[in-house]
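Please load the model in the viewer and keep the sequence panel open beside it.

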Amino acid sequence: MSGNQRPPMQTLSTRELVIDIPGRADGYPLDLAIKSGQVWGVLGPNGAGKTTLLHTLAGLRSPRAGALFLNDVPTAKLKRRALSQQLGLVFQDRQDGFPATVLETALIGRHPWLAPWQMEGADDLAMAERSLEALDVLHLKNRLVSTLSGGERQRVAIATLMTQSPHTWLLDEPTNHLDLHHQVAVMKLLTDRAAAGNAIFMCLHDLNLAARWCDHILLMYPNGETCWGPAERMLVPNALERLYNQQLATVEVDGAPFFVPKRD
Amino acid sequence: MIRPITLPLTVLAVAGLIAMVMSVGIGSVAIAPADVLLVFLGEGSNLHRTLILELRLPRTLSAFATGGLLAVAGALMQVLLRNPLADPYVLGLSGGAAVGALLAMLAGLGGAVISGSAFAGAMLATLMVFGLAHGTGSWTPSRLLLTGVVVAAGWGAVITLMLAISPARELPGMLYWLMGDVSYARAPWPGLGVLVLVCALVVPLGRSLNVLARGPMQAAALGISVRPLEWLIYILASLLTATAVTMAGSIGFVGLVVPHMLRLVLGNDQRLILPACALAGGTLLVLADTLARVVIAPEQLPVGVITALLGVPTFLYLLYRSR
């Protein structure tokens, strides 16, 4: 499957899923269905479990209860390599132990698609370069990642996921460290991918980015309570004020609601 | 991971061959490189054949195997711990081996028993560090490194104690063993065999190791079963180190310096770095052993002294120059 072809329809779903947050006594079960073409935004205050949910969906953490399904096949039955061809994740924090260039970093996205003895070929290289170009970091391809700014690293990480080209993209605060222009460019890229048939599921801290670009919203309250659905039903001032424990003023810009925190 | 692989490996292989020809040519009876090549091709005079094939070549090949084993073990440990300071010696493996070897020497046992005892000591140290670092289940690189460092300090104390209570006539042999010495290594084939076998096993894993070097979470998200891979690397690195220590005592710095120097020049693609470590580590130890034989001839120095004296300044210089 290359980045240009239209991927087949796919649904990542959870059944009675309770994520495992240490110290949280009761969990509220999640029954999500993340489908091709959808752009999901996960909103919630610090410590609500957004990152834990993403890691659980990616199969990196065991849930406390419930199960995950990829097109009705339990993901527990899939090999890790097969799963990573369908599901990819951009982490919130990254560690670089050894020096690596931007191009090398993007190329590791091809790992799930190559046989153990296989070297990266011209196709893989072209894919990595296309992804770097889409994220506006191709000119940095020979630089060491450790010498980049936070925003540039963030874009390299998204380019790595694009090179991996899974069907479902999980992203943990993809607009972290990005300047205004690149925030919009990344959100546009993600919604374009969804229009091309991918599924996008991301944690966001910026309410207004979520209101502008997401068609589905999951709200995660600090006590573990959750609710989810189409964006216009979720993004109502009362629910958001309770979510963040913060009074909000709402205005309308370009036909989308715009939320501004009140001073007190 | 996008650099050509054949060229650097060919250069290193040729360098290794030149070092070996030089090494077997130098000694109390000097033999010209052309005559050495003649012997390799099955010709040459009887004296030369005996000198080279029976006396010098086994030692040179042993030195090559030991250096290769240590360098590959170091490279694997560094990826496993994602820490450039990791090295089989830092993790206390050589300490365990040394205690095993010295115990055998104290008991007045020789040859094969010392080797076997050293191997057992290295494997015991491996299991101890891994078991203790594993603890109640959380297994982190920093915890493994710390456990290794502390256990190594413990072995160091035991070694000092044994040296203090040993009869004086045993001391020179013990000290030579502790500083690393290939002059008694007469059977290079087991070491070379282990080196080739492990390289053949890990080079296909090279891309997985590249991904693992980015951290275990990223590796798992890219489809790697992290825990089994980490166990495999740890076991292989321990086996390599135990084999090297058994052959030639504890030789420091090769496992730390060689992978670093190669990474600075060749980048960090394990598919290239691991075989390059085998070749460059072997070459370095052949050269160091040749120096150890000739510097104060007819007396010999322990080769570990030479690797440290050469390795430390070279390493510091490269580190100072690097980006």
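This is a predicted model: local features need pLDDT of at least 70, side-chain atom pairs count only at pLDDT 80 or more; totals for chains, interfaces and linings use all residues.

Residues are numbered from 1 along each chain as its sequence is written, chains are lettered from A and ligands numbered from 1 in the order in which they are written.

**Stop 1: chain A as a whole**

Select chain A, which has nine helices and 12 strands. Helices (H or I, at least four residues) and strands (E, at least two) are DSSP runs, numbered from the N terminus. Along the principal axes, the C-alpha atoms of chain A fill a box of roughly 55 × 40 × 35 Å.

Of the 264 residues in chain A, 42% are buried. A residue is buried if 20 or more other C-beta atoms lie within 10 Å of its own, exposed if 12 or fewer, and partly exposed in between, with C-beta atoms placed from the backbone. Among the contacts in chain A with a separation of 6 or more, 69% join residues 24 or more positions apart. Two residues are in contact if their C-beta atoms, placed from the backbone, lie within 7 Å.

**Stop 2: the six-stranded sheet of chain A**

Select β6, β7, β8, β3, β9 and β10 of chain A, which in this order form an open sheet with mixed pairing. Two strands pair if DSSP finds at least two bridges between them. The edge strands, each pairing on one side only, are β6 (87-90) and β10 (226-230) of chain A. On average, and with direction ignored, neighbouring strands of this sheet are turned by 15 degrees against each other. Axes are lines fitted to C-alpha atoms, for helices over the stretch in contact, and angles run from 0 to 180 degrees between N-to-C directions.

Now centre on β6(A), which pairs with β7(A) (residues 168-172) in the parallel sense over four bridges. Within this pairing, L89(A) has L170(A) as its bridge partner. Is β6(A) covered on one face or both? Both faces are covered, for L87(A) and L89(A) on one side and G88(A) and V90(A) on the other are all buried.

**Stop 3**

β4(A) and β5(A) pair over two bridges, and L70(A) stands opposite V73(A) in β5(A).

In the loop between β4 (65-70) and β5 (73-74) of chain A lies D72(A). This residue has a positive phi of about 70 degrees although it is not a glycine. D72(A) counts as exposed because it has 8 C-beta neighbours inside 10 Å.

**Stop 4: where chain B touches chain A**

Display both chains: 20 residues of chain B are in contact with 26 residues of chain A. On the chain B side, α9 (206-212) and α10 (216-221) are the elements that give two or more residues, and α10(B) supplies the largest share, four residues. This side divides into 11 nonpolar, six polar and three charged residues. Ala, Val, Leu, Ile, Met, Phe, Trp, Tyr, Cys and Pro count as nonpolar, Asp, Glu, Lys and Arg as charged, and the others, Gly among them, as polar.

**Stop 5: the largest nonpolar core**

Select V72(B), L76(B) and C277(B), which touch the most other members of the 169-residue largest nonpolar core. Such a core is a set of buried Ala, Val, Leu, Ile, Met, Phe, Trp, Tyr and Cys residues joined through C-beta atoms within 7 Å. Helix α3 (residues 46-81) of chain B gives this core its largest share, 17 residues. Leaving out residues up to four places away in sequence, C277(B) touches A71(B), V72(B), A75(B), V258(B), P259(B) and L262(B).

**Stop 6: the loop between α11 and α12 of chain B**

Finish at F253(B), in the loop between α11 (226-248) and α12 (254-266) of chain B. The phi of F253(B) is near 75 degrees, a positive value in a residue other than glycine. F253(B) counts as buried, with 24 C-beta neighbours inside 10 Å.

G252(B) lies in this loop too and is buried, with 21 other C-beta atoms within 10 Å. Which residues does G252(B) contact, leaving aside its neighbours within four places in sequence? They are Y89(B), G304(B), T307(B) and A308(B). The C-alpha atoms of G252(B) and Y89(B) are separated by 7.0 Å, although the two are 163 residues apart along the chain.
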